[in-house]
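Colleague: Could you walk me through this model? I would like the overall fold, then a few residues.

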Amino acid sequence: MSETALDAERNSVLAALRPVVDGIAATFGPVCEVVLHDYRRPERSVVAVAGSVTGRTVGGAMSEIGMRVLARGDEARDELNYVTRTGDGTLLKSSTMVLRDSTGAVFGALCVNLDVTAVDRAQALLGALAGAAGAPADPPATTFGDDIDAVVDAILDAHPLRDRSWAALDRAQRLALFRDLDGRGVFAVRRSVEQVAARLGISRASAYNYLSRARAATGPAASPGPDPDTAGGHA
């Protein structure tokens with residue numbers, strides 16, 4: 001099937017799911033948000049949204065979760081009933097269901113977010129009254145927003161290696177940073193290499209060099225080779 005025909009097929013799937021988005025949100029009420037994503041354009045992947053839990057709008061960018069799915073490509077699987085929280089502390093129970101065309105290629109996702117903050121507080125209160133309350137698990141924070149640059153910044157800021165300056169990282173740690181960011185889908189976004197380079201205080205050439213070497217590395221036994229910052233790049 002030609003790419004044009006596949007795109008027409010994908011567009012038809014998205015069009016068919018638009019009323020489903022509204023139907024699911026109407027069923028669960030104001031605590032529910034349903035978002036339909038087209039991963040062919042990650043910087044503005046939201047093509048339909050109903051409800052307002054994370055503040056998403058049509059034309060907005062994918063979240064960190066969407067970028068992770070995008071990075072997995074056609075190997076991506078549905079992620080169901082996971083718990084996360086927004087930057088303002090709203091607790092969410094979410095599901096991300098990938099969309100595939102007739103060739104099996106992943107091209108989008110249908111996401112459902114339920115605000116369970118009140119339910120969690122009620123559960124904690126009942127547990128305290130019953131004398132069975134324990135320390136609640138702290139779910140990971142996820143950046144939701146319409147600006148893909150903010151999502152990329154949040155992923156970079158949350159990386160454990162970011163508590164040290166670029167100069168303090170050795171070559172293996174620098175490659176690990178780029179490999180991990182790549183695995184999270186950061187570099188699937190346009191201009192993200194330049195954005196990461198600016199945040200790290202290195203040249204674009206060095207960033208591309210580290211990314212290329214990180215992708216080429218096959219594991220700890222891979223040959224280290226020369227450091228990009230001393231082989232033509234600029235810190």
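Modeller: The secondary structure of the chain consists of seven helices and five strands, where helices (H or I, at least four residues) and strands (E, at least two) are DSSP runs numbered from the N terminus. This is a predicted model, in which local features need pLDDT of at least 70 and side-chain atom pairs count only at pLDDT 80 or more, while totals for chains, interfaces and linings use all residues. Residues are numbered from 1 along each chain as its sequence is written, and side-chain values use heavy atoms, with hydrogens and water left out.

Colleague: In what pattern do they follow along the sequence?

Modeller: The pattern reads α-β-β-α-β-β-β-α-α-α-α-α.

Colleague: What is the strand order in the sheet?

Modeller: The five strands form an open sheet in the order β2-β1-β5-β4-β3, with antiparallel pairing; two strands pair if DSSP finds at least two bridges between them. At the edges are β2 (46-50) and β3, each of which pairs on one side only. Neighbouring strands are turned by 20° against each other on average, direction ignored; axes are lines fitted to C-alpha atoms, for helices over the stretch in contact, and angles run from 0 to 180 degrees between N-to-C directions.

Colleague: How many bridges join β4 to β5?

Modeller: Nine bridges join β4 to β5 (residues 106-115), and the two run antiparallel. M97 stands opposite L110 in β5.

Colleague: Which strands does helix α1 touch?

Modeller: Helix α1 (residues 3-28) packs on the sheet and touches β1 (32-38), β2, β4 and β5, contact meaning heavy atoms within 4.5 Å. The direction of α1 makes about 170° with that of β1. Helix α2 lies across β3 and β4, at about 140° to β3.

Colleague: Staying with α2, is G66 buried or exposed?

Modeller: G66, in helix α2 (residues 64-72), is buried because its relative accessible area is 7%; buried means under 20%, exposed over 50% and partly exposed in between (1.4 Å probe, protein chains only). The C-alpha atoms of G66 and V98 are separated by 9.6 Å, with the two residues 32 apart along the chain.

Colleague: Changing topic, where does T90 lie?

Modeller: T90 lies in the loop between β3 (79-85) and β4 (91-100). At 15% relative accessibility, T90 also counts as buried. Not counting residues up to four places away in sequence, T90 touches T84, R85, D115 and T117.

Colleague: And how much of the whole chain is buried?

Modeller: Buried residues make up 43% of the 235 residues.
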